[in-house]
Amino acid sequence: MEMGVKDSQIRTMKGILSIIDVVIALGKRGIPLRGNWVKEEMVENGNFAFFIDWKAKYDKDLDEHLRYASQAGKYTSPKIQNQIILLCEREIRASIVGSVLQYWSVMADETQDCSTSEQVSLCIRYVKENEVCEDFLGFVQIEKMDAQTIADTIVTSLTSWGLNMDNLVAQGYDGAAVMSSDKNGVQAKIHDRFKDATYVHCRSHVLALAIAASCKQVPDIRNLFDNVEKLTWFMGGSAKRKAIFQEISSKMKGDNLFMTLLSDNNDNEFHECNVAIQQGSHRKSVPKFCATRWTAKVDTLSALLAKYPCHTRWLN
């Protein structure tokens, strides 16, 4: 009797390890675990369930666990999946925090998820073996978007994750008043508690704002961006227009401008441009112009340049 219980426990542990392996593999590839709920059969038809069944064909331990375990003891329910994901999150975060030897800085930004819940994304920067590391620690939901709530949430979360707040030497956010104000902003409230936490306006954000403002002062560039934005919205606003473009593009396959650029420009200075245009040639249509994210403009312009002859014919 005792041996049977022990064998069952060993079989269950091996099966759980195989289940964890599936969750980690799906997470690494960015594949969602959930799927459609089949109401008639009262089962979930998702990626997790599919790969569990597939893996059981080749994994003896998983197969035996699924065959001999009770329905409640299979450890494949959505609740168990979430618990495994949470444990993975804690392990990864603990590993990152353990790499912080002494001084570190925090970066945060407030955002909304797809369910319109407000949350703060938290990252830290630190030096490890003479290299600057920048790691994401997690999302934290918040009830209100005022400076005091955000500041308290940041401090509470970082402390609970094991970071030494006395070694916080910098904080970086965007330029929104609720974050950057030196009187009542998040940076001021954190600086009041941790005097070494100097505020730095996110340099990537500053660079994007500076470039965007500069381009607006050059008429040719400003007009180019305005026209490209109108073109992409005109194309994307109609399924019929998009279908006509795709038909023309398929007929003119190979007649792409990037081929000419690649053959004419052998200088390394143009290498990144050529790569971007080559990637743009594989797009079926031109992405809509992003007004705020500067680097996203590359995707639009490279797709437009790569298939410039197609666009001129399509407009005609």
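**Close-up 1. The side chain of Tyr199 meets the backbone of Asp174.** In this predicted model, the side chain of Tyr199 reaches the backbone oxygen of Asp174 at 3.1 Å. Tyr199 belongs to strand E7. Leave aside its neighbours within four places in sequence, and Tyr199 is in contact with Gln171, Tyr173, Asp174, Gly175, Ser180 and Gln187. Take Gln187 from that list. Gln187 and Tyr199 are twelve residues apart along the chain. Their C-alpha atoms are separated by 6.1 Å.

**Close-up 2. Five strands build an open sheet.** Read across the sheet, the strand order is E5-E4-E3-E6-E7. The pairing is mixed. Which strands stand at the edges? They are E5 (131–141) and E7 (198–201). Each has a single partner strand, so one side of each is left without a neighbour in the sheet. Neighbouring strands are turned by 25 degrees against each other on average, direction ignored. In a regular strand, side chains alternate between the two faces of the sheet.

**Close-up 3. Strands E3 and E4 run antiparallel.** Nine bridges join the two strands. E3 and E4 form a hairpin with five residues between the strands. In this hairpin, Thr116 takes a positive phi near 65 degrees.

**Close-up 4. Strand E4 also pairs with E5.** How many bridges join E4 (residues 118–128) to E5? There are ten, and the strands run antiparallel. Gln119 has Gln141 of E5 as its bridge partner. The hairpin of E4 and E5 has two residues between the strands. Glu129 lies in the turn and has a positive phi of about 50 degrees.

**Close-up 5. Helix H5 packs on the sheet.** H5 covers residues 147–160. Which strands does H5 touch? The helix touches E3 (104–112), E4, E5 and E6 (168–173). The direction of H5 makes about 50 degrees with that of E4.

**Close-up 6. Helix H9 packs with helix H14.** Two packed helices are described by the angle between their axes and the distance between the axes. For H9 (residues 219–236) and H14 (residues 308–315), the angle is about 65 degrees. Their axes are 13 Å apart. That angle makes H9 roughly perpendicular to H14. H9 passes H14 in a left-handed crossing. From H9, the contact uses Leu231, Phe234 and Met235. From H14 come His311, Trp314 and Leu315. The contact residues divide into five nonpolar, one polar and no charged.

**Close-up 7. Helix H10 packs with H14 as well.** H10 spans residues 239–251. The packing angle of H10 and H14 is about 130 degrees, and their axes are 9 Å apart. The two helices are therefore oblique to each other. Is their crossing left-handed or right-handed? The crossing is right-handed. On the H10 side, the contact residues are Arg241, Ile244, Phe245, Ile248 and Ser249. On the H14 side, they are Cys310, His311, Arg313 and Trp314. They divide into five nonpolar, two polar and two charged. His311 and Trp314 of H14 also take part in the contact with H9.

How values were computed
Residues are numbered from 1 along each chain as its sequence is written. This is a predicted model: local features need pLDDT of at least 70, side-chain atom pairs count only at pLDDT 80 or more; totals for chains, interfaces and linings use all residues. Side-chain values use heavy atoms; hydrogens and water are left out. Axes are lines fitted to C-alpha atoms, for helices over the stretch in contact, and angles run from 0 to 180 degrees between N-to-C directions. Helices (H or I, at least four residues) and strands (E, at least two) are DSSP runs, numbered from the N terminus. Angles under 35 degrees count as roughly parallel, over 145 as roughly antiparallel, 65 to 115 as roughly perpendicular and the rest as oblique. A crossing is left-handed if the near helix is turned anticlockwise from the far one by less than a right angle, and right-handed if clockwise. Contact means heavy atoms within 4.5 Å. Ala, Val, Leu, Ile, Met, Phe, Trp, Tyr, Cys and Pro count as nonpolar, Asp, Glu, Lys and Arg as charged, and the others, Gly among them, as polar. Two strands pair if DSSP finds at least two bridges between them. A polar contact is a pair of N or O atoms within 3.5 Å; within protein, one must be able to donate a hydrogen and the other to accept it, and residues adjacent in sequence count only if both atoms are side-chain atoms.
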